[in-house]
Amino acid sequence: MTPLTKVVRTYLDHLSVERGLSRNTLSSYQRDLDRYARHAKINIQEMTAKDVATYLAVLRTGDDDHPPLSASSAARAMSAVRGLHRFAAREGLVAVDVSRDVRPPAPPKRLPKALDLDQVERLLAAPAGDDGLVLRDRALLEFLYGTGARISEAVGLDVDDLADDAVTLHGKGGKTRFVPLGRYARAALDAYLVRARPLLAASGKGTPKVFLNARGGVLSRQSAWTILHRAAAAAGLPTEGAHAVSPHTLRHSYATHLLDGGADVRVVQELLGHASVTTTQVYTLVTVDRLREVYATSHPRAR
C-alpha cells in the first residue's frame, strides 16, 4: 500500500463515519481515488499542483486502461481528488492544499429545451372541459407560459397579487417583480377565479392563494407538476427522458419566444427575475440556432 493509498483509506473512513455518505457514493469516491493513487505513485507530501493538473489532463485524454472522460465526468472525479487534498491539509498531513488552484473543467452549458408555438398551443389546449379543476388547470398552464413564472411563484401567488393586466411575482430571495399578464392568461384566470375557485375555496379553511387543490387547500408544487405532466401526455408531448416537458419548460419557452419576437435580453432578464443578464443570455444561444434554421430553410443560396 502506497502512502497516498493510506491517506485515501483514512479519507474514505472519514466520509463514511463522520459524513455518513451512502454506500453508492462511497464506492464512487473509492473508485475515483484508487485511480488517482495508482496514477500518482508518490507520497502525498511530495505532490504539487502540477501533479494534480497532470492527472486532470489524463482524465480528459484517457490512458491505456481508461477512455477519455467528458467534462462533467472529469469534474466529478476531480471533486473527489480535491476533497482528498482538502482533508489532508485540514488534518495536518500536508502543509497546503495543492489542488486548490486546479480548476475542474466546466461542463458545457445545456441549452434550455423550448417548445415551439404549435407545441405550446397543444399543451395549453389539453385540459378539456368546463368543470372547476379543468378551469384551474387551464389557468395554471396559461399563467406559467404567459408570465414565465417559476412553479414556486405560481403556487405561492395570492389573489391580491393579480391586477387587470399584470401580476406581482414573489421570486427567490424575497425579491418581487411586476410582470405583464397577456390576454389569454387573463381570460383563463378570470374564468377560474369567477367560476371555479369560489367552489373550491368553500370546502377549505380559507387561503389567499390563487391556485387551490380539490379540498380547497393550497396547490402543492408536486400537484402543479402533475397537472403539467398530464397535459403534456394529452398533447402528445414527451413526458419521459431528456426532452420531457417539465415545469421549467414553459419558462424556457416564454423567454425563447420573447427573444425570437425581438425582445431585448435585458427586458427578458427583468421579466424572468434573473439577478444577472449572464443567466438570461443562455436563451440567446437558442435564438441563434433558430436564426440559423430559418436562414438555412429560407435563403435561396443557404445550401
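## Basis of the model

Buried means under 20% relative accessible area, exposed means over 50%, and partly exposed lies in between, with a 1.4 Å probe and protein chains only. By that scale Phe-87 is buried, with a relative accessible area of 4%.

This is a predicted model, in which local features need pLDDT of at least 70, side-chain atom pairs count only at pLDDT 80 or more, and totals for chains, interfaces and linings use all residues. Residues are numbered from 1 along each chain as its sequence is written, and side-chain values use heavy atoms, with hydrogens and water left out.

## Overall form

The chain has 14 helices and two strands. These are DSSP runs numbered from the N terminus: helices are H or I with at least four residues, strands are E with at least two. The C-alpha atoms fill a box of roughly 75 × 65 × 35 Å along the principal axes. The radius of gyration is 26 Å, whereas a compact globule of 303 residues would have one near 19 Å. That radius is taken over C-alpha atoms, and the globule rule is 2.2 Å times the number of residues to the power 0.38.

Of the 303 residues, 42% are buried. Contact means heavy atoms within 4.5 Å. Among contacts with a separation of 6 or more, 54% join residues 24 or more positions apart.

## Aromatic pairs

Rings of Phe, Tyr and Trp (its six-membered ring) pair if their centres lie within 6.5 Å; planes under 30 degrees apart count as stacked, over 60 as edge-to-face, and the rest as tilted. The count comes to five aromatic pairs. Tyr-11 and Phe-87 form a tilted pair, because their ring centres are 5.2 Å apart and their planes stand at 40°. The pair links distant parts of the chain: Tyr-11 is in helix H1 (residues 3–17) and Phe-87 in helix H4 (residues 71–90), 76 residues apart. Tyr-11 counts as buried, at 4% relative accessibility. Ring pairs link Tyr-11, Tyr-29 and Phe-87 into a cluster.

Tyr-192 and Phe-211 are stacked, because their planes are at 15° with centres 5.8 Å apart. This pair also links distant parts of the chain. Tyr-192 is in helix H8 (residues 183–195), and Phe-211 is in the loop between helix H9 (197–202) and helix H10 (221–234), 19 residues along. Tyr-192 and Phe-211 are both buried.

## Nonpolar cores

A nonpolar core is a set of buried Ala, Val, Leu, Ile, Met, Phe, Trp, Tyr and Cys residues joined through side-chain atoms within 4.5 Å. The largest has 51 residues, of which Phe-143, Tyr-192 and Phe-211 touch the most other members. Helix H6 (residues 132–147) gives the most to this core, with seven residues. Leaving out residues up to four places away in sequence, Phe-143 touches residues including Leu-157, Val-167, Leu-189 and Phe-211.

The expected span of a helix is 1.5 Å times one less than its number of residues. The 20 residues of H4 should span 28 Å, and the end C-alpha atoms are 28 Å apart, which agrees. Just after H4, Gly-92 takes a positive phi of about 80°.

Asp-118 sits in helix H5 (residues 117–124). At 45% relative accessibility, Asp-118 is partly exposed.
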